[in-house]
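Reader: Please take a close look at one part: the sheet and the charged side chains that pair on and around it. State each cut-off where its term comes in, and keep the answer in one piece.

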Amino acid sequence: MLSDGQIAARLSKLDHVKTIALNVVNTILRVERDAVRVRSERTGNDRRIRFSEIRAWRKRGSNGRVRRALARAVGLDGA
């Protein structure tokens, strides 16, 4: 399992992620100590997603598609 520091380092190298199902670009606005802030190109909404939520991307909940895209980007989804 990746630490917060490892996830932050990997996300810091990216400027966006794209959701798999909807093919929506989410711009990475800021990588924080324990979370990432993204903005949806489709809705314009900003979202703060904790690294713990990225690790648990399979669980149902809000921001599921973005969590999976972020998990995939850092290598947590097994793809």
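The sheet and its charged pairs

Author: Asp4 has its place in helix α1, residues 4-12; helices (H or I, at least four residues) and strands (E, at least two) are DSSP runs, numbered from the N terminus. This is a predicted model, in which local features need pLDDT of at least 70 and side-chain atom pairs count only at pLDDT 80 or more, while totals for chains, interfaces and linings use all residues. Residues are numbered from 1 along each chain as its sequence is written, and side-chain values use heavy atoms, with hydrogens and water left out.

Asp4 is a partly exposed residue because its relative accessibility is 30%; buried means under 20% relative accessible area, exposed over 50%, and partly exposed in between (1.4 Å probe, protein chains only). Beyond its neighbours within four places in sequence, Asp4 is in contact with Arg33, Asp34, Phe51 and Arg55, where contact means heavy atoms within 4.5 Å. The side chains of Asp4 and Arg55 are joined by a polar contact of 2.4 Å. A polar contact is a pair of N or O atoms within 3.5 Å; within protein, one must be able to donate a hydrogen and the other to accept it, and residues adjacent in sequence count only if both atoms are side-chain atoms.

Four strands form an open sheet in the order β1-β2-β3-β4, paired antiparallel; two strands pair if DSSP finds at least two bridges between them. At the edges are β1 (16-18) and β4 (46-50), each pairing on one side only. On average, neighbouring strands of this sheet are turned by 35 degrees against each other, direction ignored; axes are lines fitted to C-alpha atoms, for helices over the stretch in contact, and angles run from 0 to 180 degrees between N-to-C directions.

Going across the sheet, β1 and strand β2 (residues 25-31) run antiparallel and are joined by three bridges. His16 has Thr27 of β2 opposite. These two strands form a hairpin with six residues between them, and Asn23 in the turn has a positive phi of about 60 degrees. From β2 to β3 there are five bridges, again antiparallel, and the hairpin that joins these strands runs through three residues. Strand β3 (residues 35-40) then pairs with β4 over five bridges, in the antiparallel sense. In that pairing Ala35 stands opposite Arg50 of β4.

Ser40 is found in strand β3, and its bridge partner is Asn26. Since its relative accessible area is 5%, Ser40 is buried. A polar atom of the Ser40 side chain lies 3.2 Å from the backbone nitrogen of Thr43.

The charged pairs remain. Side chains of opposite charge can pair when their charged atoms come close. A salt bridge is a side-chain nitrogen of Lys or Arg within 4 Å of a carboxyl oxygen of Asp or Glu, and by this rule the count is seven. Glu32 takes part in a salt bridge with Arg37, the closest N and O atoms being 3.9 Å apart. Glu32 and Arg48 also meet in a salt bridge, at 2.8 Å from N to O. Arg48 lies in strand β4 and Glu32 in the loop between β2 and β3, so this pair ties together parts that are 16 residues apart in sequence.

By relative accessible area, Glu32 is buried at 19%, whereas Arg37 is partly exposed at 21% and Arg48 is partly exposed at 36%. Salt bridges link Arg30, Glu32, Asp34, Arg37 and Arg48 in a network. Another pair is Arg39 with Asp46, whose side chains meet in a salt bridge of 2.6 Å, N to O. Arg39 counts as partly exposed because its relative accessible area is 36%, and Asp46 is partly exposed at 37%.
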